[in-house]
Amino acid sequence: MSSMDKMSTSMTSSITGMGLGGITGLTTAISTLSCMREQQITIGGMSSNYVPGLSANYNISSFCQRPGQSRRWPIAKAGPTAQPRPERSHSVGALKLSSRNSPSTQYTHNLICKLADQNERRRHQETIELIPQSYYSQTPLKVELTEFYARDNGKEHHTDQYELVNDTVLPNPVLRRGQNFFFAVRFDRINDKQQDVIRIVFNLGPKPCVTKGTRVVLPVNWSTQQSVFQHSRDVIGMGMGMAVSRVQDTSSATAAPTGTITTMSAISPISGIRETATYGCRRSSFSSEPVPQQQSPLSPHGTVERPVIERHSGPPQHPPTGRSFGSQHGSTQNLASVAHDMEKWDLSVQRQDGNTITFQVHVPASAPVGLWNCWVQTHRLGQRENRHDYKCDEDIYILFNPWCRDDSVYLDNESSKNEYVLNEQGKIWTGTWRQPKGRKWIFGQFDDVVLPACIYLLERSGLEHSERGNPVRITRAISAMINAKGDDGLMVGRYDGEYKDGVAPHAWTGSVAILERYLTNGGRPVEYGQCWVFSGLVVTICRALGIPCRSVTNYVSAHDTNGTFTIDKFFDKDGNEVPNGPDEDCYDSCWNFHVWNDVWMQRPDLPQGYGGWQIIDSTPQEAAESVYMCGPASLEAVRRGEIGFQYDTPFVYSQLNSELCHFQEEESSDWGFVRMASNQFEVGRKILTKNPCSEDDEGDSDLLEITHEYKAAESPSPERHAVIASCRGVQRLQQYYEFPDRSTEDVVFDLVDIEPIPYGQPFDCTMNIQNKSPEDRTIWCVLTASSCYYTGAISARIRRSQGEFIVRAGQREALKLHVTPQEYMDKLVDHAMVKIYAMAYVKQTKQAWSEEDDVTLDKPKLQVQTRSPPTIGQECGITFSFQNPLNVHLTDCYFTFEGPGVQRPRQIRFRDVKPGEFLSYQDKFVPTRTGDRNIVVTFSSRQIDEIVGCATVNVIG
């Protein structure tokens, strides 16, 4: 029997039986019939030779072999010079080549080859249609491409501003828990629902575990798919939108059950294909931009008639919870069932187009936040050992979701979310309680270095991945990792003015430059920062992770080191402060201002009513659990004095409610010192944050005082005394903090408030004295002006005046201290602060009095102006200017310039500035984002620093 007869017989029996053996025989026959033996690139399991439309470009000279021959040999052209190949014999029935080189004979040979090949292709197509897809390939599905629609999902998840989402090379999905997202997978062939098993796996951390919630395995269940529309062609790369329609799956009679997750959004058209090592296809990004009319190398050849797909023209309508689920008929029972399902991960098939399947995944509102990765596992039914695992290239960032009611950081006020989650810039308040100064700060939480830095810091914190769904644990870890004291954190704190081996705290304009330096230096702590810089970093990290956060400044902030709820300061007989007390073991301090953070969350670990704003402090002061961290402490618990609630509530309470106690050396005292009269409500004088409804680049009208949220009315109350007594614990110490008998006091002292002082100008310190007694009084008094750090520590004495004089009965006197610029200019330190101490002692009645105050010198403001309206992608000029207030040269000068979407942090060296010179510097920038953009600039030199300017510019497209 000839080979052709054998093949015909095998094919006939295969088609007739169509059993398992018949199908096997049929596939064997097709394989035998194939006349192309070279290795072929297949599309969807079909050789590219059999793609419809290829025969239209048929070249007759390429078919010089009969079917069944192992190789096609090239043949000479027809004509007088053609040479026959008599040594090659063809199979039975082939034409014998004549020894005479006849064009007619050559043509006939080519013609039979062409006709036989066309017939073979027709038979192949007829036969392949008889084979069920399940037997077309016995190998597992293999992933060719994946697409997470980072930008489209980002719009629904309020993450479209992240630069990682808009990356032009490989966009990373940034998603919020408690919502659904879409992603598509293209396989190497059409899947068989009965034989192909598909699982989508999400992992978090180095050792993901299902029982700990850090590994999620989601099987593809076709019985719960939603209105899937199937089409036999692959549409990736064809520019076809992935909008979901309510079209029934023609390949299955199973309808989507009521209550399954329903899409509410349209995925934008696909604009390209990602490059892979296996298939060599390239994808730049997926966007809503028009797709060029270019066929993908993986697309079918020729014109393909496509079904009409319903598209959503309007914006998606979401329920108040921000989730997209539920039956359109609103069944209460179904909604309850869906609500239960929302508490766990869920996967549904949203659409199928040939080899491409679009999935919808629901991330529960309790999922751990962090950097997840995705795997696609495939195998044939019953052949799990022959499994194919594909790891998706994209890193998946899952964040907290203030828009989701089920998330513990849910915030219902839209303007509050815009401010405390989405606002990239703000103000951090410094100065004194009488003269608050708002320092503009670029948080930059959407910069592409921020989320990677956040993830790395969480890894360094040692916090278990399974606990990273709890904002209480996350924020406590953040408070520990910002500072580099004791746990090798993000930034080194320094307060003594020596910054030569790093960057001075006042030179930073925002958080991005710090986080970028941290990453590029391999996680080495950045030098240097202070509490207000730490607070700005906390805002950046918390907002980047989706936790609502604000910066809060407490003016006259206590640091009680011995648990007495007092800030003890000791002075000798001459009025000089005794550092660290007489026994050198008192390290109490009272900071002119201290900046911490409030984060918004529920507190299920506390009784009801103690959720909302929680206080965390990233400035290292006291170690908690052997680590320098503080909080979260419930703001409401602090206000009520409920110091028994976690975390670190007593310490926070003491910062706001301690008493400022001055002790002066006194020979008649049993223990050598006597307490002097002071204002017990001096601590926590004013608490400020930025007003979410106001912006002020020129002044400070955008401050919001929130003292009432932290403290009760300023009046002694039994509750407050009871709290302090319970914290002190040792009642025998109370005698040392009692005031002396004040019934004999008849002289009134007052330290006059100082008006704002321009930098480089003289000022006066004045103490008024009024004798209310009918007798003369001999009074010893001292008035001192010293430069100080904002922590309250004295840097250098500027000037001091003391004396003893008589104040006549019923008379008034004033003691004045005049300070010139020459006396203070070379002694000032950070923030240009001056501390005033006033003390007095009446000899006749032994009345003792003391008071202290702080004042800052106002430095010139840096003017920032653009020379033309900024346009995205075009160069724009900008000018920085101010006048040198000093009569000396400024050396080692430099500007620091930053603005989200305008300019990444940049330092610009500048020449020396002459005395009194009006400085003007011009630079350029190229905006990358439209809308209102904030620019912050600082100027620093050896002689004067912390000259800050800011401006808001509108960038047009």
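**Close-up 1. Cysteine C454 and its closest cysteine sulfur, in C542.** In this predicted model, the sulfur of C454 lies 8.5 Å from that of C542, too far for a bond. A disulfide is a covalent bond between the sulfur atoms of two cysteines. With a disulfide taken as a pair of cysteine sulfur atoms within 2.5 Å, the count is zero disulfides. C454 is buried at 2% relative accessibility, and C630 is buried with a relative accessible area of 6%. Here buried means under 20% relative accessible area, exposed over 50%, and partly exposed in between (1.4 Å probe, protein chains only). Residues are numbered from 1 along each chain as its sequence is written, and side-chain values use heavy atoms, with hydrogens and water left out. Local features need pLDDT of at least 70 and side-chain atom pairs count only at pLDDT 80 or more, while totals for chains, interfaces and linings use all residues.

**Close-up 2. The salt bridge between E414 and K417.** The N to O distance of this pair is 3.5 Å; a salt bridge is a side-chain nitrogen of Lys or Arg within 4 Å of a carboxyl oxygen of Asp or Glu. Both residues belong to helix α6 (residues 414-422), and because they are three residues apart, about one helical turn separates them. Helices (H or I, at least four residues) and strands (E, at least two) are DSSP runs, numbered from the N terminus. E414 is partly exposed at 40% relative accessibility, whereas K417 is buried at 3%.

**Close-up 3. The salt bridge between R640 and E636.** The side chains meet at 2.6 Å, N to O. Both residues lie in helix α11 (residues 635-640), four residues apart, which is about one turn of the helix. R640 has a relative accessible area of 45% and is partly exposed; E636, at 17%, is buried.

**Close-up 4. The salt bridge between D945 and K859.** The closest N and O atoms are 3.0 Å apart. D945 lies in the loop between β40 (931-940) and β41 (947-955), and K859 in the loop between β34 (847-858) and β35 (863-866), so the pair ties together parts that are 86 residues apart in sequence. D945 and K859 are both buried.

**Close-up 5. A network of salt bridges.** The residues linked in this network are E419, K440, K690, E695 and D697. The whole structure holds 44 salt bridges.

**Close-up 6. Packing of helix α7 (residues 450-461) against helix α8 (residues 471-481).** The axes are 10 Å apart and the angle is about 90 degrees; axes are lines fitted to C-alpha atoms, for helices over the stretch in contact, and angles run from 0 to 180 degrees between N-to-C directions. The two helices are therefore roughly perpendicular, a term for angles of 65 to 115 degrees. L457, L458, R460 and S461 of α7 make the contact with I474, A477 and M481 of α8, contact meaning heavy atoms within 4.5 Å. Five of these residues are nonpolar, one is polar and one is charged. Ala, Val, Leu, Ile, Met, Phe, Trp, Tyr, Cys and Pro count as nonpolar, Asp, Glu, Lys and Arg as charged, and the others, Gly among them, as polar.

Close-up 7. Ten of the eleven residues of α8 are buried, including V472, I474, I478 and M481.

How values were computed: Angles under 35 degrees count as roughly parallel, over 145 as roughly antiparallel, 65 to 115 as roughly perpendicular and the rest as oblique.
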